[in-house]
Amino acid sequence: MGALLCAGTAQAQTAAECPQLPPGATVRWEVQPGPDFVFCRAMDTATGEQAFAVTVGRSAAFKPRRTERIGDRVSIDGNRTWWYAPHNDLLAGTMVRETLLELPSGDYAHIIVRARDDAALTRSLRDAEALHFSDVRFGSK
């Protein structure tokens, strides 16, 4: 029974490291903790495919390039940002959008959306732009 209690506690701590999904979202989090980050995969409940992902950590691995900006400026949980469309031959046939947020905790959130078509891209961007990071903290900062 003690092992079950510990497992529940670890999951609760990890869940707090992912942003709050918007009401009505048709995705659920799959969480993979790393040594200095947590990887939150938003999995589509109907298809089982990844809609988007958020990596929260103390440092920013993603380095946005002004030349890769796409579309208008957006706001994600009060943070003004841009979406970026990286140029990568390995991503042929997949639409990719990325952005980086600096959270009030001092942590960084890297959001990446991958989609096969415009409808899936629009849906995933809408959900990603409606995320709430107010209670997100990596580790015990």
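Colleague: Let's start with a serine: does Ser124 count as buried or exposed?
Modeller: Ser124 has a relative accessibility of 7%. With a 1.4 Å probe and protein chains only, buried is under 20% relative accessible area, exposed is over 50%, and partly exposed lies in between. Ser124 therefore counts as buried.

Colleague: Before we go on, what kind of model is this?
Modeller: Residues are numbered from 1 along each chain as its sequence is written, and side-chain values use heavy atoms, leaving out hydrogens and water. Local features need pLDDT of at least 70, side-chain atom pairs count only at pLDDT 80 or more, and totals for chains, interfaces and linings use all residues, for this is a predicted model.

Colleague: Thanks! In which element is Ser124, and which residues is Ser124 in contact with, beyond its neighbours within four places in sequence?
Modeller: Ser124 lies in helix α2. Taking contact as heavy atoms within 4.5 Å, and leaving aside neighbours within four places, its partners are Ala51, Phe52 and Val113.

Colleague: In what order do the elements of the chain run?
Modeller: Helices (H or I, at least four residues) and strands (E, at least two) are DSSP runs, numbered from the N terminus. The chain has 2 helices and 7 strands. From the N terminus on, the order is α-β-β-β-β-β-β-β-α.

Colleague: Which residues have the most contacts inside the largest nonpolar core?
Modeller: Such a core is a set of buried Ala, Val, Leu, Ile, Met, Phe, Trp, Tyr and Cys residues joined through side-chain atoms within 4.5 Å. The largest one has 27 residues, and β1 (27-33), β2 (37-44), β3 (50-57), β4 (69-76), β7 (108-115) and α2 (118-129) each give two or more of them. Those with the most contacts inside the core are Trp29, Phe52, Val54, Trp83, Ile111, Leu131 and Phe133.

Colleague: Why is the disulfide of Cys18 and Cys40 described by a hand, and which hand is it?
Modeller: Their sulfurs are 2.0 Å apart, and the rule for a disulfide is a pair of cysteine sulfur atoms within 2.5 Å. The link joins distant parts of the chain, 22 residues apart, with Cys18 in the loop between α1 (2-15) and β1 and Cys40 in strand β2. Cys18 is buried at 6% relative accessibility, and Cys40 is buried at 0%. The torsion about the S-S bond is about -90°, so the disulfide is left-handed.

Colleague: What is the phi of Asp77?
Modeller: Most residues other than glycine have a negative phi. Asp77 sits in the loop between β4 and β5 (79-84) and is partly exposed at 30% relative accessibility. Although Asp77 is not a glycine, its phi is positive, at about 50°.

Colleague: Last one: which element gives the largest share of the lining of the largest pocket?
Modeller: The elements giving two or more residues to that lining are β3, β7 and α2. The lining residues divide into 4 nonpolar, 5 polar and 7 charged, where Ala, Val, Leu, Ile, Met, Phe, Trp, Tyr, Cys and Pro count as nonpolar, Asp, Glu, Lys and Arg as charged, and the others, Gly among them, as polar. The largest share, 4 residues, comes from α2.
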